[in-house]
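Hi there,

Here is the structure I promised to pass on. Have a look at it first, and then read my notes below.

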Amino acid sequence: MSEDRLDKMRLELRRGALVLAVLGSLRQAQYGYSLRKALLDHGLDIDEGTLYPLVRRLADQGLLDSEWQQGVGRERRYYTLSQEGVELLEKLTQEWQALNGTLTTILETGR
Amino acid sequence: MNLLQKYIHAVKLELPQAQREDIGRELQANILDQLDAIHEQTGREASQDDVAAVLEKHGHPVQVAARYAPVTPLVSSELMPAYKLVMSYALGITLLLQTLKSGTVFLAATHYKVWQALMQLLAGFIEQGALVFTSVTLVFYLAAKSGMLPNWASNKGWRVQDLPEQEHDWQQIRGSDIITDLSGCGFILLLIWHKYWMAEASLQQLRVDFSPAITAYLPWMSLLLIASVVFGIWCASQPVWSKLKLQLNILQNSLYVILFLIFSQLEALVVSTGTPTILDLQRLDQGIQLGCLAYALYLVYECWRDARRYRLLSQQQVGKKIPA
(Lines give C-alpha, C1' and ligand atoms only; values in the text may rest on other atoms or scores of the structure.)
Protein backbone atom coordinates (compact mmCIF):
# COMPACT_ATOMS: atom_id res chain seq x y z
CA MET A 1 0.00 0.00 0.00
CA SER A 2 1.37 3.42 -0.89
CA GLU A 3 2.16 5.94 1.86
CA ASP A 4 -0.28 8.36 0.28
CA ARG A 5 -3.17 5.93 0.51
CA LEU A 6 -2.23 4.96 4.06
CA ASP A 7 -2.21 8.63 5.07
CA LYS A 8 -5.66 9.17 3.58
CA MET A 9 -7.13 6.10 5.31
CA ARG A 10 -5.50 7.06 8.59
CA LEU A 11 -6.93 10.56 8.33
CA GLU A 12 -10.39 9.14 7.67
CA LEU A 13 -10.09 6.72 10.58
CA ARG A 14 -8.98 9.46 12.96
CA ARG A 15 -11.50 12.10 11.90
CA GLY A 16 -14.39 10.93 14.08
CA ALA A 17 -12.15 9.86 16.94
CA LEU A 18 -10.55 13.32 17.13
CA VAL A 19 -13.86 14.92 18.11
CA LEU A 20 -14.19 12.44 20.96
CA ALA A 21 -10.58 13.02 22.04
CA VAL A 22 -11.03 16.80 22.05
CA LEU A 23 -14.33 16.65 23.94
CA GLY A 24 -12.79 14.24 26.42
CA SER A 25 -9.81 16.54 27.00
CA LEU A 26 -11.97 19.59 27.58
CA ARG A 27 -13.56 18.43 30.81
CA GLN A 28 -11.05 20.86 32.26
CA ALA A 29 -10.59 24.28 30.69
CA GLN A 30 -7.80 24.43 28.12
CA TYR A 31 -6.55 27.00 25.62
CA GLY A 32 -5.47 26.01 22.11
CA TYR A 33 -1.82 25.22 22.66
CA SER A 34 -2.35 23.55 26.06
CA LEU A 35 -5.02 21.31 24.53
CA ARG A 36 -2.68 20.26 21.75
CA LYS A 37 0.04 19.53 24.29
CA ALA A 38 -2.37 17.53 26.48
CA LEU A 39 -3.38 15.39 23.53
CA LEU A 40 0.25 14.96 22.51
CA ASP A 41 1.13 13.86 26.03
CA HIS A 42 -1.46 11.10 25.60
CA GLY A 43 0.14 10.11 22.30
CA LEU A 44 -2.27 11.86 19.95
CA ASP A 45 -0.41 14.24 17.66
CA ILE A 46 -2.85 16.58 15.94
CA ASP A 47 -1.76 19.24 13.50
CA GLU A 48 -2.53 22.79 14.73
CA GLY A 49 -4.24 23.57 11.44
CA THR A 50 -6.74 20.78 12.14
CA LEU A 51 -7.15 21.11 15.89
CA TYR A 52 -7.85 24.83 16.29
CA PRO A 53 -10.59 25.08 13.65
CA LEU A 54 -12.13 21.84 15.01
CA VAL A 55 -12.34 23.34 18.51
CA ARG A 56 -14.01 26.43 17.10
CA ARG A 57 -16.54 24.36 15.17
CA LEU A 58 -17.44 22.42 18.32
CA ALA A 59 -17.88 25.72 20.16
CA ASP A 60 -20.09 27.05 17.36
CA GLN A 61 -22.25 23.94 17.77
CA GLY A 62 -22.76 24.79 21.42
CA LEU A 63 -20.72 21.85 22.75
CA LEU A 64 -18.03 24.07 24.28
CA ASP A 65 -18.10 27.25 26.33
CA SER A 66 -15.27 29.70 25.78
CA GLU A 67 -13.83 32.64 27.64
CA TRP A 68 -10.95 35.02 27.06
CA GLN A 69 -8.59 35.19 30.05
CA GLN A 70 -5.56 37.35 30.62
CA GLY A 71 -2.61 35.03 31.21
CA VAL A 72 1.02 35.82 31.88
CA GLY A 73 1.89 38.47 29.31
CA ARG A 74 -1.03 37.78 26.94
CA GLU A 75 -4.65 36.82 26.58
CA ARG A 76 -5.81 33.29 25.81
CA ARG A 77 -9.13 31.78 24.91
CA TYR A 78 -10.06 28.95 27.25
CA TYR A 79 -12.50 26.27 26.22
CA THR A 80 -14.44 23.86 28.39
CA LEU A 81 -17.34 21.47 27.86
CA SER A 82 -20.80 23.02 27.97
CA GLN A 83 -23.72 21.13 29.54
CA GLU A 84 -24.73 19.96 26.07
CA GLY A 85 -21.14 18.88 25.44
CA VAL A 86 -21.05 16.87 28.66
CA GLU A 87 -24.22 14.99 27.68
CA LEU A 88 -22.97 14.35 24.17
CA LEU A 89 -19.59 13.17 25.42
CA GLU A 90 -21.29 10.62 27.65
CA LYS A 91 -23.31 9.21 24.75
CA LEU A 92 -20.38 9.25 22.37
CA THR A 93 -18.19 7.48 24.90
CA GLN A 94 -20.73 4.64 25.17
CA GLU A 95 -20.91 4.50 21.40
CA TRP A 96 -17.14 4.42 21.13
CA GLN A 97 -16.77 1.64 23.69
CA ALA A 98 -19.40 -0.49 21.96
CA LEU A 99 -17.76 0.11 18.58
CA ASN A 100 -14.32 -0.55 19.98
CA GLY A 101 -15.50 -3.85 21.48
CA THR A 102 -17.12 -4.92 18.21
CA LEU A 103 -14.08 -3.97 16.16
CA THR A 104 -11.73 -5.76 18.52
CA THR A 105 -13.82 -8.93 18.16
CA ILE A 106 -13.89 -8.63 14.38
CA LEU A 107 -10.16 -7.97 14.12
CA GLU A 108 -9.27 -10.80 16.52
CA THR A 109 -11.59 -13.26 14.73
CA GLY A 110 -10.09 -12.41 11.38
CA ARG A 111 -6.56 -13.34 12.45
CA MET B 1 4.55 44.92 9.97
CA ASN B 2 6.19 41.73 11.29
CA LEU B 3 5.68 38.27 9.80
CA LEU B 4 3.00 37.23 12.27
CA GLN B 5 0.92 40.37 11.77
CA LYS B 6 1.30 40.02 8.03
CA TYR B 7 0.10 36.41 8.22
CA ILE B 8 -2.86 37.13 10.51
CA HIS B 9 -3.90 40.01 8.27
CA ALA B 10 -3.75 37.75 5.19
CA VAL B 11 -5.93 35.12 6.93
CA LYS B 12 -8.45 37.73 8.11
CA LEU B 13 -8.86 39.01 4.57
CA GLU B 14 -10.15 35.57 3.51
CA LEU B 15 -12.66 35.29 6.36
CA PRO B 16 -16.27 36.49 6.49
CA GLN B 17 -16.46 40.02 7.88
CA ALA B 18 -18.35 38.98 11.03
CA GLN B 19 -15.70 36.44 12.10
CA ARG B 20 -12.52 38.25 11.09
CA GLU B 21 -11.54 39.90 14.37
CA ASP B 22 -12.48 36.98 16.60
CA ILE B 23 -10.70 34.27 14.58
CA GLY B 24 -7.69 36.52 13.92
CA ARG B 25 -7.36 37.24 17.63
CA GLU B 26 -7.57 33.57 18.56
CA LEU B 27 -5.19 32.43 15.81
CA GLN B 28 -2.65 35.01 16.90
CA ALA B 29 -2.88 33.87 20.54
CA ASN B 30 -2.36 30.24 19.50
CA ILE B 31 0.65 31.05 17.31
CA LEU B 32 2.23 33.18 20.05
CA ASP B 33 1.89 30.17 22.37
CA GLN B 34 3.75 28.04 19.83
CA LEU B 35 6.52 30.64 19.59
CA ASP B 36 6.72 30.72 23.39
CA ALA B 37 7.15 26.94 23.36
CA ILE B 38 10.14 27.34 21.00
CA HIS B 39 11.59 29.88 23.41
CA GLU B 40 11.16 27.45 26.30
CA GLN B 41 12.73 24.56 24.38
CA THR B 42 15.72 26.45 22.92
CA GLY B 43 16.26 29.05 25.60
CA ARG B 44 16.34 31.88 23.03
CA GLU B 45 13.80 34.19 21.41
CA ALA B 46 12.17 32.76 18.28
CA SER B 47 14.03 34.05 15.22
CA GLN B 48 12.37 35.27 12.01
CA ASP B 49 13.14 31.85 10.51
CA ASP B 50 11.41 30.11 13.44
CA VAL B 51 8.36 32.35 13.01
CA ALA B 52 8.30 31.70 9.26
CA ALA B 53 8.56 27.93 9.85
CA VAL B 54 5.67 27.96 12.34
CA LEU B 55 3.49 30.02 10.01
CA GLU B 56 4.28 27.88 6.99
CA LYS B 57 3.37 24.80 9.02
CA HIS B 58 -0.05 26.33 9.66
CA GLY B 59 -0.59 26.58 5.91
CA HIS B 60 -1.42 29.18 3.31
CA PRO B 61 -3.74 31.91 4.65
CA VAL B 62 -6.44 30.90 2.16
CA GLN B 63 -6.35 27.29 3.40
CA VAL B 64 -6.32 28.34 7.06
CA ALA B 65 -9.31 30.64 6.51
CA ALA B 66 -11.14 27.83 4.69
CA ARG B 67 -10.62 25.51 7.67
CA TYR B 68 -12.11 28.07 10.07
CA ALA B 69 -14.95 29.10 7.79
CA PRO B 70 -15.49 26.31 5.25
CA VAL B 71 -17.12 27.42 2.02
CA THR B 72 -20.44 25.69 1.50
CA PRO B 73 -21.16 24.66 -2.09
CA LEU B 74 -24.15 26.26 -3.82
CA VAL B 75 -25.59 22.77 -4.35
CA SER B 76 -24.80 20.01 -1.86
CA SER B 77 -23.70 16.56 -3.03
CA GLU B 78 -27.02 15.04 -1.79
CA LEU B 79 -28.97 17.30 -4.14
CA MET B 80 -26.59 16.89 -7.08
CA PRO B 81 -28.59 14.10 -8.86
CA ALA B 82 -31.80 16.17 -8.75
CA TYR B 83 -29.85 19.29 -9.75
CA LYS B 84 -28.30 17.53 -12.75
CA LEU B 85 -31.70 16.19 -13.83
CA VAL B 86 -33.43 19.57 -13.61
CA MET B 87 -30.46 21.26 -15.29
CA SER B 88 -30.42 18.81 -18.21
CA TYR B 89 -34.16 19.27 -18.83
CA ALA B 90 -33.95 23.05 -18.46
CA LEU B 91 -31.03 23.26 -20.91
CA GLY B 92 -32.76 20.79 -23.24
CA ILE B 93 -35.92 22.91 -23.34
CA THR B 94 -33.75 26.00 -23.89
CA LEU B 95 -32.09 24.28 -26.85
CA LEU B 96 -35.50 23.25 -28.19
CA LEU B 97 -36.92 26.77 -27.99
CA GLN B 98 -33.73 28.27 -29.41
CA THR B 99 -33.82 25.79 -32.33
CA LEU B 100 -37.41 26.74 -33.10
CA LYS B 101 -36.56 30.45 -32.84
CA SER B 102 -33.48 30.11 -35.06
CA GLY B 103 -35.46 27.88 -37.45
CA THR B 104 -38.14 30.56 -37.76
CA VAL B 105 -35.52 33.23 -38.50
CA PHE B 106 -33.78 30.93 -40.98
CA LEU B 107 -36.95 30.10 -42.88
CA ALA B 108 -38.13 33.72 -42.93
CA ALA B 109 -34.79 35.04 -44.18
CA THR B 110 -34.55 36.26 -47.78
CA HIS B 111 -31.19 34.50 -48.22
CA TYR B 112 -30.51 30.99 -46.90
CA LYS B 113 -27.20 31.00 -45.06
CA VAL B 114 -26.93 27.71 -43.20
CA TRP B 115 -23.61 28.50 -41.50
CA GLN B 116 -24.91 31.85 -40.24
CA ALA B 117 -28.09 30.20 -38.94
CA LEU B 118 -26.05 27.59 -37.04
CA MET B 119 -23.85 30.28 -35.48
CA GLN B 120 -26.98 32.21 -34.44
CA LEU B 121 -28.37 29.05 -32.88
CA LEU B 122 -25.13 28.46 -30.96
CA ALA B 123 -24.80 32.08 -29.79
CA GLY B 124 -28.46 32.18 -28.74
CA PHE B 125 -28.16 28.90 -26.87
CA ILE B 126 -25.03 30.03 -25.00
CA GLU B 127 -26.71 33.29 -24.02
CA GLN B 128 -29.97 31.69 -22.86
CA GLY B 129 -28.16 28.65 -21.42
CA ALA B 130 -26.04 30.85 -19.14
CA LEU B 131 -29.20 32.48 -17.82
CA VAL B 132 -30.90 29.10 -17.28
CA PHE B 133 -27.78 27.67 -15.58
CA THR B 134 -27.60 30.59 -13.15
CA SER B 135 -31.35 30.53 -12.46
CA VAL B 136 -31.51 26.77 -11.74
CA THR B 137 -28.44 26.97 -9.48
CA LEU B 138 -29.89 29.92 -7.56
CA VAL B 139 -33.29 28.22 -7.18
CA PHE B 140 -31.62 25.10 -5.73
CA TYR B 141 -29.41 27.18 -3.43
CA LEU B 142 -32.28 29.30 -2.09
CA ALA B 143 -34.71 26.36 -1.81
CA ALA B 144 -32.15 24.26 0.12
CA LYS B 145 -31.30 27.19 2.37
CA SER B 146 -34.93 27.89 3.23
CA GLY B 147 -35.78 24.17 3.54
CA MET B 148 -38.39 24.42 0.79
CA LEU B 149 -37.10 21.64 -1.45
CA PRO B 150 -39.76 19.15 -2.58
CA ASN B 151 -39.39 15.57 -1.34
CA TRP B 152 -38.42 14.17 -4.73
CA ALA B 153 -35.36 16.45 -4.92
CA SER B 154 -33.89 15.05 -1.71
CA ASN B 155 -35.27 11.54 -2.38
CA LYS B 156 -37.36 11.61 0.78
CA GLY B 157 -40.51 9.56 1.05
CA TRP B 158 -39.55 7.23 -1.81
CA ARG B 159 -40.96 3.70 -2.16
CA VAL B 160 -39.21 0.81 -3.77
CA GLN B 161 -42.50 -0.09 -5.50
CA ASP B 162 -42.37 3.21 -7.40
CA LEU B 163 -39.02 2.49 -9.04
CA PRO B 164 -39.35 1.91 -12.81
CA GLU B 165 -39.16 -1.62 -14.11
CA GLN B 166 -35.90 -1.42 -15.95
CA GLU B 167 -33.73 -4.44 -16.53
CA HIS B 168 -31.66 -3.23 -19.49
CA ASP B 169 -29.51 -0.16 -19.99
CA TRP B 170 -31.22 0.56 -23.31
CA GLN B 171 -34.55 0.97 -21.51
CA GLN B 172 -33.40 4.37 -20.25
CA ILE B 173 -34.55 7.00 -22.77
CA ARG B 174 -31.87 9.65 -23.04
CA GLY B 175 -32.94 13.26 -22.58
CA SER B 176 -30.82 14.27 -25.59
CA ASP B 177 -32.82 11.88 -27.82
CA ILE B 178 -36.12 13.34 -26.63
CA ILE B 179 -34.93 16.91 -27.18
CA THR B 180 -33.59 16.06 -30.66
CA ASP B 181 -36.90 14.44 -31.62
CA LEU B 182 -38.98 17.34 -30.29
CA SER B 183 -36.73 19.91 -32.02
CA GLY B 184 -36.97 18.00 -35.31
CA CYS B 185 -40.76 17.70 -35.13
CA GLY B 186 -41.13 21.40 -34.24
CA PHE B 187 -38.87 22.47 -37.08
CA ILE B 188 -40.67 20.35 -39.70
CA LEU B 189 -44.07 21.62 -38.49
CA LEU B 190 -42.80 25.19 -38.91
CA LEU B 191 -41.55 24.31 -42.38
CA ILE B 192 -44.83 22.68 -43.42
CA TRP B 193 -47.05 25.52 -42.17
CA HIS B 194 -44.74 28.39 -43.17
CA LYS B 195 -47.55 30.14 -45.05
CA TYR B 196 -49.41 30.78 -41.80
CA TRP B 197 -46.61 32.48 -39.86
CA MET B 198 -44.18 33.96 -42.39
CA ALA B 199 -44.41 37.66 -43.30
CA GLU B 200 -45.88 38.43 -46.71
CA ALA B 201 -42.61 40.00 -47.88
CA SER B 202 -40.64 36.86 -46.92
CA LEU B 203 -43.21 34.62 -48.64
CA GLN B 204 -42.83 36.59 -51.85
CA GLN B 205 -39.06 36.17 -51.70
CA LEU B 206 -39.33 32.36 -51.54
CA ARG B 207 -37.78 30.74 -54.56
CA VAL B 208 -39.27 27.27 -54.07
CA ASP B 209 -42.40 25.83 -52.50
CA PHE B 210 -43.88 22.37 -51.90
CA SER B 211 -45.29 20.72 -55.02
CA PRO B 212 -49.08 19.99 -55.15
CA ALA B 213 -48.24 16.27 -54.98
CA ILE B 214 -46.52 16.50 -51.59
CA THR B 215 -48.92 19.17 -50.27
CA ALA B 216 -51.70 16.55 -50.32
CA TYR B 217 -49.80 14.51 -47.74
CA LEU B 218 -48.80 17.39 -45.45
CA PRO B 219 -51.94 17.29 -43.22
CA TRP B 220 -51.21 13.60 -42.51
CA MET B 221 -47.59 14.41 -41.87
CA SER B 222 -48.62 17.20 -39.49
CA LEU B 223 -50.94 14.90 -37.53
CA LEU B 224 -48.15 12.37 -37.20
CA LEU B 225 -45.69 15.06 -36.07
CA ILE B 226 -48.13 16.35 -33.44
CA ALA B 227 -48.61 12.76 -32.21
CA SER B 228 -44.79 12.46 -32.03
CA VAL B 229 -44.57 15.63 -29.95
CA VAL B 230 -47.17 14.24 -27.50
CA PHE B 231 -45.30 10.92 -27.42
CA GLY B 232 -42.00 12.78 -26.81
CA ILE B 233 -43.50 14.70 -23.87
CA TRP B 234 -44.78 11.42 -22.41
CA CYS B 235 -41.32 9.89 -22.79
CA ALA B 236 -39.79 12.93 -21.06
CA SER B 237 -42.09 12.45 -18.05
CA GLN B 238 -41.38 8.67 -17.86
CA PRO B 239 -38.05 8.12 -19.62
CA VAL B 240 -38.11 4.30 -19.64
CA TRP B 241 -38.96 2.08 -22.61
CA SER B 242 -41.91 -0.11 -21.73
CA LYS B 243 -43.73 -2.58 -23.99
CA LEU B 244 -46.48 -0.02 -24.68
CA LYS B 245 -43.97 2.71 -25.56
CA LEU B 246 -42.11 0.34 -27.89
CA GLN B 247 -45.38 -0.60 -29.62
CA LEU B 248 -46.30 3.05 -30.12
CA ASN B 249 -42.80 3.86 -31.37
CA ILE B 250 -42.96 1.03 -33.90
CA LEU B 251 -46.38 2.28 -35.02
CA GLN B 252 -45.30 5.91 -35.47
CA ASN B 253 -42.05 4.95 -37.18
CA SER B 254 -43.91 2.61 -39.55
CA LEU B 255 -46.23 5.48 -40.53
CA TYR B 256 -43.21 7.73 -41.10
CA VAL B 257 -41.62 5.00 -43.25
CA ILE B 258 -44.75 4.87 -45.43
CA LEU B 259 -44.84 8.66 -45.82
CA PHE B 260 -41.12 9.02 -46.54
CA LEU B 261 -41.22 6.16 -49.05
CA ILE B 262 -44.13 7.90 -50.80
CA PHE B 263 -42.17 11.19 -50.80
CA SER B 264 -39.14 9.45 -52.29
CA GLN B 265 -41.30 8.18 -55.16
CA LEU B 266 -43.14 11.41 -55.99
CA GLU B 267 -42.25 12.99 -59.31
CA ALA B 268 -41.62 16.47 -57.88
CA LEU B 269 -41.37 17.56 -54.25
CA VAL B 270 -40.61 21.22 -54.80
CA VAL B 271 -41.68 23.67 -57.47
CA SER B 272 -40.48 27.12 -58.43
CA THR B 273 -42.51 30.06 -57.09
CA GLY B 274 -41.60 32.16 -60.09
CA THR B 275 -38.94 34.18 -58.27
CA PRO B 276 -35.66 33.89 -60.18
CA THR B 277 -33.33 31.33 -58.62
CA ILE B 278 -29.99 29.74 -59.35
CA LEU B 279 -31.15 26.48 -57.75
CA ASP B 280 -31.34 23.42 -59.99
CA LEU B 281 -34.81 22.17 -58.96
CA GLN B 282 -34.34 18.76 -60.51
CA ARG B 283 -31.18 18.12 -58.51
CA LEU B 284 -32.80 19.55 -55.39
CA ASP B 285 -35.70 17.12 -55.85
CA GLN B 286 -33.32 14.21 -56.31
CA GLY B 287 -31.42 15.19 -53.18
CA ILE B 288 -34.56 15.41 -51.05
CA GLN B 289 -35.91 12.13 -52.45
CA LEU B 290 -32.65 10.40 -51.64
CA GLY B 291 -32.74 11.88 -48.14
CA CYS B 292 -36.34 10.64 -47.66
CA LEU B 293 -35.36 7.16 -48.81
CA ALA B 294 -32.31 7.02 -46.52
CA TYR B 295 -34.34 8.24 -43.55
CA ALA B 296 -37.08 5.69 -44.29
CA LEU B 297 -34.46 2.92 -44.29
CA TYR B 298 -33.08 4.17 -40.97
CA LEU B 299 -36.59 4.11 -39.50
CA VAL B 300 -37.05 0.54 -40.79
CA TYR B 301 -33.94 -0.35 -38.78
CA GLU B 302 -35.45 1.38 -35.70
CA CYS B 303 -38.68 -0.61 -36.13
CA TRP B 304 -36.68 -3.85 -36.34
CA ARG B 305 -34.63 -2.88 -33.26
CA ASP B 306 -37.75 -1.96 -31.25
CA ALA B 307 -39.48 -5.17 -32.31
CA ARG B 308 -36.52 -7.17 -30.92
CA ARG B 309 -36.61 -5.18 -27.70
CA TYR B 310 -40.36 -5.73 -27.43
CA ARG B 311 -39.88 -9.48 -27.83
CA LEU B 312 -37.14 -9.45 -25.18
CA LEU B 313 -39.39 -7.68 -22.66
CA SER B 314 -42.26 -10.04 -23.47
CA GLN B 315 -40.09 -13.11 -22.95
CA GLN B 316 -38.90 -11.79 -19.59
CA GLN B 317 -42.44 -11.18 -18.41
CA VAL B 318 -43.42 -14.72 -19.40
CA GLY B 319 -40.33 -16.02 -17.57
CA LYS B 320 -41.33 -14.16 -14.41
CA LYS B 321 -44.81 -15.68 -14.43
CA ILE B 322 -43.45 -19.24 -14.50
CA PRO B 323 -43.01 -20.40 -10.88
CA ALA B 324 -39.49 -21.51 -10.00
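First, the ground rules. This is a predicted model, in which local features need pLDDT of at least 70 and side-chain atom pairs count only at pLDDT 80 or more, while totals for chains, interfaces and linings use all residues. Residues are numbered from 1 along each chain as its sequence is written, chains are lettered from A and ligands numbered from 1 in the order in which they are written, and side-chain values use heavy atoms, with hydrogens and water left out.

**Salt bridges**

Side chains of opposite charge can pair when their charged atoms come close. Over all chains the structure holds 17 salt bridges (a side-chain nitrogen of Lys or Arg within 4 Å of a carboxyl oxygen of Asp or Glu). Three of them are described here.

Let me begin with A:Arg36, which sits in helix α2 (residues 32-41) of chain A; helices (H or I, at least four residues) and strands (E, at least two) are DSSP runs, numbered from the N terminus. The salt-bridge partner of A:Arg36 is A:Asp45, with 3.1 Å between the closest N and O atoms. A:Arg36 is buried at a relative accessible area of 12%, whereas A:Asp45 is partly exposed at 46% (buried means under 20% relative accessible area, exposed over 50%, partly exposed in between, with a 1.4 Å probe and protein chains only). Beyond its neighbours within four places in sequence, A:Arg36 has contacts that include A:Ile46, A:Leu51 and A:Tyr52 (contact means heavy atoms within 4.5 Å).

The next pair crosses between chains: A:Glu75 belongs to strand β3 (residues 75-81) of chain A, and B:Arg25 to helix α2 (residues 20-42) of chain B. Their side chains form a salt bridge of 2.8 Å, N to O. Both ends are partly exposed, A:Glu75 at 26% relative accessibility and B:Arg25 at 36%.

Within chain B, B:Lys195 and B:Asp209 make a salt bridge whose closest N and O atoms are 3.3 Å apart. B:Lys195 is in helix α8 (residues 194-197) and B:Asp209 in strand β1 (residues 208-210), so this pair ties together parts 14 residues apart in sequence. B:Lys195 is exposed at 51%, but B:Asp209 is buried at 16%. There is also a network: salt bridges with shared partners join A:Arg36, A:Asp45, A:Glu48 and B:Lys57.

**Strand β3 of chain A**

Four residues separate the strands in the hairpin of β2(A) and β3(A), where A:Gly73 takes a positive phi near 85°.

**Cysteines**

How many disulfides does the structure hold over all chains? The count is zero (a disulfide is a pair of cysteine sulfur atoms within 2.5 Å). As for individual cysteines, B:Cys185 is buried at 9% relative accessibility, and B:Cys303 is buried at 13%.

Happy browsing!

Methods
Two strands pair if DSSP finds at least two bridges between them.
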